[in-house]
Amino acid sequence: MDNEKTLSSLSRLMFVLNLAIIVFYSLLCLTTTLRVCDSFGAYSFLSSAGQIPPPPWRMPLWALGQYLLLCAVSFGKNRWGIERFEARLLVCLVEILLCLGVTASLEFYYSGAALLVLADLVHYVRNSFYRICFTAALILLFSFGRYEILYPLTGRIPFSAYLDYYNQTVRSFFAGTESLLICLNVLLFVLSMILLFTGQKAENSRIRKLNKQLNQANERLRDYAFELERMAEVRERNRLAREIHDTLGHTLTGIIMGSDAGLALFDAAPEEAKKRIQVVAQAARDGLNDVRRSIKALRPDALENTTLEEALETMISNFKATTSAEVFYDQQAGPLVFAQDEEDTLYRVVQESMTNAVRHGHATEIHIFLTRRDNLLTIDVRDNGLGGGEDVKEGFGLRHMRERLELLGGSLTFGNRETLEEDGERGFYILVSLPIREKEEEA
Amino acid sequence: MKRRLGIAALAAVLLAGGLLWGLEARRESVLTVGVYAGSYWQTPNGDCYQILDDAIALFQERRPGVRVEYVSGIPTDDYSEWLAGRILKGTEPDLCFILPEDFNLLASSGALAELDGFMASDAEFDAGAYYEPCLRAGRLGGKQYALPQESVPTIMFVNKTLLESRGIPLPDNRWTWEDFYDICARVTDLDSRTFGVYDYTWQNALYANGASLFSEDGTACCLADERVQAAVRFAKSLTDLNGGYTVTARDFDLGRVAFRPFLFSEYRAYQPYPWRVRKYSGFEWDCVCMPAGPDGDNVSELRTMLLGISARSGHRELAWELARLLSADDAVQSELYAYSHGISPVRRVAENARDLDLPGSFPAELIREIMSTAVTAPRFERSDQAMMMAESAVAEAGDQEQRMLIAQREINVFLNQ
């Protein structure tokens, strides 16, 4: 903000300085012409100049008039805050033309107004093509404006012709004042350019920093979202577990009580006992149905209508499509037809491993091997990500995985691939083994 | 609100502009003329504005709405400075008289408007009516910037009394350097202090030998040219006759010198007629053409007063009309014989026998010949300085060819700086 303020006061200073310079040139040419005429030096002035100068009143009138117009356009454009592209372009063109007009009215003795307009426009033009064009045009005007060798070609009198009228002392005074003013203008221009660019650099690094902070916040937000989802899932699962417990507990209590009563009645009233046991069997059957219904509510949608094999392939291809990671899936475990709870667990294990690899390890390659020996199914997931650090801690996801597997009698090992003797690569590995139950239950 | 304000401002500007334009259109056109007082030709002149006044009266008959103004009383010597000052201030007159020595500066600096367009489009204008050398005096770089108003050639003054005392007849208009040298040698008598010629330099001899010191555009010097060298040698041989004595103007006034280059205007002002001013009372005199060199003819140097139109004038059409009147109108031009001492650049006026009240030695045919062959010396920005360099080189080295070549190269370097 402070930078901005300094810049605008520098620009104002440049406008005032250029006004002074234009007044200097106009007055010098005007008074010199009048003095030459009064001191009967007109003929020798004309013969040494070899060209007729414009009428002396024209330079102050035109140069100052156009310069004031230029000031008005420059301040007006900042005040009105024009936004349309064409309008901004028009303003720039008007400024450049007025600058050319001022320079031409000053007979090209002074072209520093080009620097003024350049400093004014360089941060106003947003399109880089036009910025380069305008900059080139203005620098050309500035550099070649006062190229005295071109003066005879264009029929102009060089400024030195006016200075030559005076004696050595006065001439050097005027020449010194002239170069001082020009230098001051260049100095102010350079200063404002430095301020502009350092300001832009600071702004850029501030933007970069903010961007980084935003990215971090986004990352955290994503983690929270995952956590939240997980917690909702846990809550839901607990609710279901409670429900299962309530129904299953109720049913089992009924079964125990019924079968106890049946045992007690077995000898005294076999008929009654038989009836009781029939009731118990019915309760057990109802209980089983209840349990099945509850479990069904836990199944992933993907497994609802398709086989585990298809569900895994769909999930992996979706995963590849949504993340940039490459997944190599190697299934050598034969037909993947298991009990529902086993299928669910396998599905969740593969899903969780891939998610972890990308989310925590930033892996770009994931290898998944499925193998089966007799009734033991193993899943080997390896990635090329960052790994788990020095000491691998079991997070929420891994703990969950372990709990699920342990419920089914399986096991989970994980860690950095460097710690594996046969591997040693960078990355993370997860090894799951699950004993498959006999299939008859399914029927 | 803002838009309404803008429209109001625009309307105000348009109204003011329209008002100004209307006032400007109603105002009577004023044509300004720059003119010098007295005569440029070193002769007394009583009615120096008469020709201009008559021309203005004629002009206003044709253009009743136009007023013509001029500043009177600017002496000829100050005229160039006055004109330059007006040009610097941007207030130069629309039409101005241009002295012969100022023409190149004014034309090359862009102060004068090109006239070729006017000359081509004006049906009343006939470039063929002029003597070609007079019209050429207003030409630079192939473009016409000025019209001739009055011309004065250089001729040779002859002291008839001195020649008669030696029994030498007056030379005719076809005489040569040989005749000239011969007469000078016969007249020169160091004991009685009579001399052949005064003020005749190699520059006077140049043109009669078909040479010119500078190229027309002023970028080359021809000092080492053989014809120039012949002129230098000839002038030196005449000076050598005087045995080291330097002839002065006093010797000439006392009637001890036979010849002197003379402006035609002086001849007309002081010509030996009883009702004219008698300047040289102690002897009878007359004038003849310049003597012809071996490679040239009886050619004179010509000076021409010119009329130019300011390049920045707002009334160039009107200025052209007045310039044409002053330059080419028979009635205006024939007044030159009454109020000035030059020769009209217009053939039919110059050769009109009724106006030409000259003695027998200058009949109309001779005037035509002098005027058709006369040469205008190139005058350009550095010509005065270059001429001085050439003069000092000749004075130091005389006719040594090697030294002349060196001097020529130096002058060329100076001219092309």
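Predicted model: local features only at pLDDT ≥ 70, side-chain atom pairs only at ≥ 80, totals over all residues.
The contact draws 20 residues from chain A and 19 from chain B, and together they bury about 1600 Å². On the core side, the largest nonpolar one has 149 residues.

**The A/B interface**

- Carbon and sulfur atoms give 67% of the area buried between chain B and chain A.
- On the chain B side, B:Glu81, B:Leu88 and B:Lys89 stand out: they supply 40% of what chain B buries against chain A, more than any other three residues.
- Salt bridges across this interface come out at zero, but six residue pairs are in polar contact, both partners at pLDDT 80 or more.
- Helix 3 (76-89) and helix 4 (103-108) of chain B each put at least two residues into the side that touches chain A.
- Helix 3 of chain B gives the largest share of that side, with seven residues.
- By type, the chain B side splits into six nonpolar, six polar and seven charged residues.

**The nonpolar cores**

- In the largest core, the residues touching the most other members are B:Tyr79, B:Leu95, B:Phe97, B:Phe103, B:Leu322 and B:Leu326.
- Helix 1 of chain A (residues 2-38) is the top contributor to this core, giving 13 residues.
- Looking past its neighbours within four places in sequence, B:Phe97 is in contact with residues including B:Val33, B:Tyr36, B:Leu52, B:Tyr79, B:Leu83, B:Met305 and B:Leu326.
- There's also a second, separate core of 48 residues, with B:Ile168, B:Trp177, B:Leu238 and B:Ile411 among them.

How values were computed: Residues numbered from 1 in each chain as written. Chains lettered and ligands numbered in written order. Heavy atoms only, no water. Contact = heavy atoms within 4.5 Å. Buried area = accessible area lost by both parts, 1.4 Å probe. Salt bridge = Lys/Arg side-chain N within 4 Å of Asp/Glu carboxyl O. Polar contact = N/O pair within 3.5 Å; in protein donor to acceptor, adjacent residues only side chain to side chain. Helix = DSSP H or I, 4+ residues; strand = E, 2+ residues; numbered from the N terminus. Nonpolar A, V, L, I, M, F, W, Y, C, P; charged D, E, K, R; others polar. Core = buried A, V, L, I, M, F, W, Y, C linked by side-chain atoms within 4.5 Å. Buried < 20%, exposed > 50% of the residue type's maximum accessible area, 1.4 Å probe, protein only.
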